[in-house]
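Student: I would like to learn how to read salt bridges in a structure. Please begin with the general idea and then turn to the case at hand.

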Amino acid sequence: MEIFTKLLTKSDIESKLAVPTTALQHFSIPEGGHCTDLMVTDSTGQGWPFRLYIRASGRYPKPLLTTGWLQFVRTKGLQVGDEVIFSKEEEKYKIEVKRHTFVLFGKHIQAEVDQLVDPKSDTKGYQLECDLSLRLSQNTKVGCSKVYETKALFI
């Protein structure tokens, strides 16, 4: 079950992740407490310890992922505009990060950050291997309706 989705801002990648207040219902913060520790699994199966903190006073709690978040950002090479998808499956928290990589046939294509080859390398781009399914409709000049599946390597 998806808890929240968020496009990362400069503040999110330089300091802490601002979590939507509506997501708080999915976390157990002890009565009278202001934080809880979470173990979150990424798309590769690696666990990441995060601390979810809420403001001790004020009109609204302003939840933030603090401890552990910047290590995750640095390790994954996250950037402004990347999309974080935070979910919970069978009592386990999951995190996935997608990046807009290119436009194909007018559609924005996103890739899981973990599929990109070493974002800290000195290469000029990323390599992304993905499966493409292209459906040609009856209205195309080709005049067929078949599904073509191929593997492509984008550099």
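Tutor: A salt bridge is a side-chain nitrogen of Lys or Arg within 4 Å of a carboxyl oxygen of Asp or Glu. Side chains of opposite charge can pair when their charged atoms come close. This is a predicted model, where local features need pLDDT of at least 70 and side-chain atom pairs count only at pLDDT 80 or more, while totals for chains, interfaces and linings use all residues. Residues are numbered from 1 along each chain as its sequence is written, and side-chain values use heavy atoms, with hydrogens and water left out.

Student: How many salt bridges does a search of the whole structure find?

Tutor: Six. One of them joins R51 to D37, with the closest N and O atoms 2.7 Å apart. R51 is in strand β4 (residues 47-53) and D37 in strand β3 (residues 35-41), 14 residues apart. Helices (H or I, at least four residues) and strands (E, at least two) are DSSP runs, numbered from the N terminus.

Student: Is D37 buried or exposed?

Tutor: Buried means under 20% relative accessible area, exposed over 50%, and partly exposed in between (1.4 Å probe, protein chains only). D37 has 53% relative accessibility, so D37 counts as exposed. R51, at 30%, is partly exposed.

Student: Which residue meets D82 in a salt bridge?

Tutor: R99, at 2.7 Å from N to O. D82 lies in the loop between α2 (69-76) and β6 (83-89), and R99 in strand β7 (residues 92-104), so the pair ties together parts 17 residues apart in sequence. Both D82 and R99 are buried.

Student: What about E91 and K88?

Tutor: Their side chains meet in a salt bridge at 3.5 Å, N to O. E91 is exposed at 66% relative accessibility, whereas K88 is buried at 19%.
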